[in-house]
Amino acid sequence: MASIRGGVFTRADARACGYADVEIDSLLGSGRWRRIRRGTYAAQRSLMLVTDEVLHLRRTYRVLRASGPNVFASHQSAAALHALPVWGLDLTRVHVTAPDGRSGLLRGVHRHIRDPVGPGLQLWNNLRMVSPARAIAEVAATAPTMPAVVLADAAIYTGTVDRLALKQAITILDHGSKRALDVLDQLTGAASIAESRLRHILATAGLPTPSADPPPDLDQPDPDDPRAEALWFPEDRTVVEFEPRFPFYSDEFEPATEETPPDPSTFEGPHPVEHCWISWTDLDDPATVADRIRTTFTRAARRTGIRHFDQARVR
């Protein structure tokens, strides 16, 4: 309840969640909860890091509380309320959809007009929002492709939606918007924002699709192993490792420390195998990432003697 409001909650919220007044007063007295303003509190830990997403959630909550019953959070604002990652999306304005009123941007609120507002509407804890599938369809039709793909990947990975629900939402909402359908075609099946971006770069550059199997040295991965995540290309005898930022299954969106490139000499398994390290900042330069992976494929071919021939080549 606190997370979708940007980290804050009221005394009535706490009571509804089972806290007695004496417990609330004790938590306030000990400092574990902090008083933001009269009757409004926040957990101490939530005050340590105020991100753009947290600020956006707080603005969205205030807009919904001040709006009429026919105003619903939509687009990336609804995605944030559904606890989906909004990496790469514009959070400077709150998006709402209503059946009437003035459309466009006013005082930081982008009002979309649809009469009727349409299907896929939800009410949770007196907060009005569109469904996850509709929010993703709206983002896919209006936002840059890469953040939209990441958003859809996260929703599917966490089981919030499936491909059929997304396709239906796109068809109903935008009559099969080509831009939104392109996002659906580019889903990667990744487990983190970093992996989603990397797989998108691989597909865009025409590089091979990695194997669904883990690399030979990660057959039984240790969940407590801080080593980077990896993609395995068996035909090219190459392991592409990447900084595992922002996993979809985690509530923690910022890593505590920066990852350091692993030492290839520490790996065990069938040799020769080449390794390519991709950091989070490298993903901002897709061309360089693609070139680095191609170079690693070439290096692996030289070591193994493997040569791939184009079957369609005229001989």
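Let's start in helix H10, where Arg-294 and Asp-291 sit three residues apart, so about one helical turn separates them. These two residues form a salt bridge, and their closest N and O atoms are 3.3 Å apart. Keep in mind as you look that this is a predicted model. How accessible are the two partners? Arg-294 is partly exposed at 35% relative accessibility, and Asp-291 is also partly exposed, at 44%.

Now stay with helix H10 and look for links that reach beyond it. The side chain of Arg-292 meets that of Asp-282 in a salt bridge, with 2.9 Å from N to O. Asp-282 belongs to the loop between E12 and H10 while Arg-292 is in helix H10, so this pair ties together parts that lie 10 residues apart in sequence. Arg-292 is partly exposed, with a relative accessible area of 32%.

Another arginine, Arg-299, forms a salt bridge with Glu-274, and here the closest N and O atoms are 2.7 Å apart. This pair links distant parts of the chain: Arg-299 is in helix H10 (residues 286–304) and Glu-274 is in strand E12 (residues 274–278), 25 residues apart. The two ends of the link have their own surroundings. Arg-299 is partly exposed, with 34% relative accessible area. Glu-274 has a relative accessibility of 9%, and because buried means under 20%, this residue counts as buried.

How many salt bridges does a search of the whole structure find? The search finds 12. Elsewhere in the chain, a network of salt bridges links Arg-11, Arg-15, Asp-21 and Asp-25.

Glu-274 has brought us to strand E12, so let's follow that strand into its sheet. Three strands make up this open sheet, in the order E10-E11-E12, and their pairing is mixed. From one strand to the next, the twist averages 20 degrees.

What does "mixed" look like here? E10 and E11 pair in the antiparallel sense, over five bridges. Strand E11 (residues 238–242) pairs with E12 in the parallel sense, also over five bridges. You can trace some of these partners yourself. Glu-229 has Phe-242 in E11 as its bridge partner, and Phe-242 in turn stands opposite Ile-278 in E12. Glu-241 stands opposite Trp-277, which is in E12 as well.

Between E10 and E11 the chain makes a hairpin, with four residues between the strands. Look there for Arg-237, which takes a positive phi near 50 degrees.

Finally, turn to E11 itself. Is this strand mostly covered or uncovered? It is mostly covered, as five of its five residues are buried. Thr-238, Val-240 and Phe-242 point one way from E11, while Val-239 and Glu-241 point the other way, and all are buried. Helix H9 (residues 193–204) lies across E10 and E11, and it runs at about 25 degrees to E10.

Conventions:
Residues numbered from 1 in each chain as written. Predicted model: local features only at pLDDT ≥ 70, side-chain atom pairs only at ≥ 80, totals over all residues. Heavy atoms only, no water. Salt bridge = Lys/Arg side-chain N within 4 Å of Asp/Glu carboxyl O. Helix = DSSP H or I, 4+ residues; strand = E, 2+ residues; numbered from the N terminus. Buried < 20%, exposed > 50% of the residue type's maximum accessible area, 1.4 Å probe, protein only. Pairing = 2+ DSSP bridges. Axes fitted to C-alpha atoms, helices over the stretch in contact; angles between N-to-C directions. Contact = heavy atoms within 4.5 Å.
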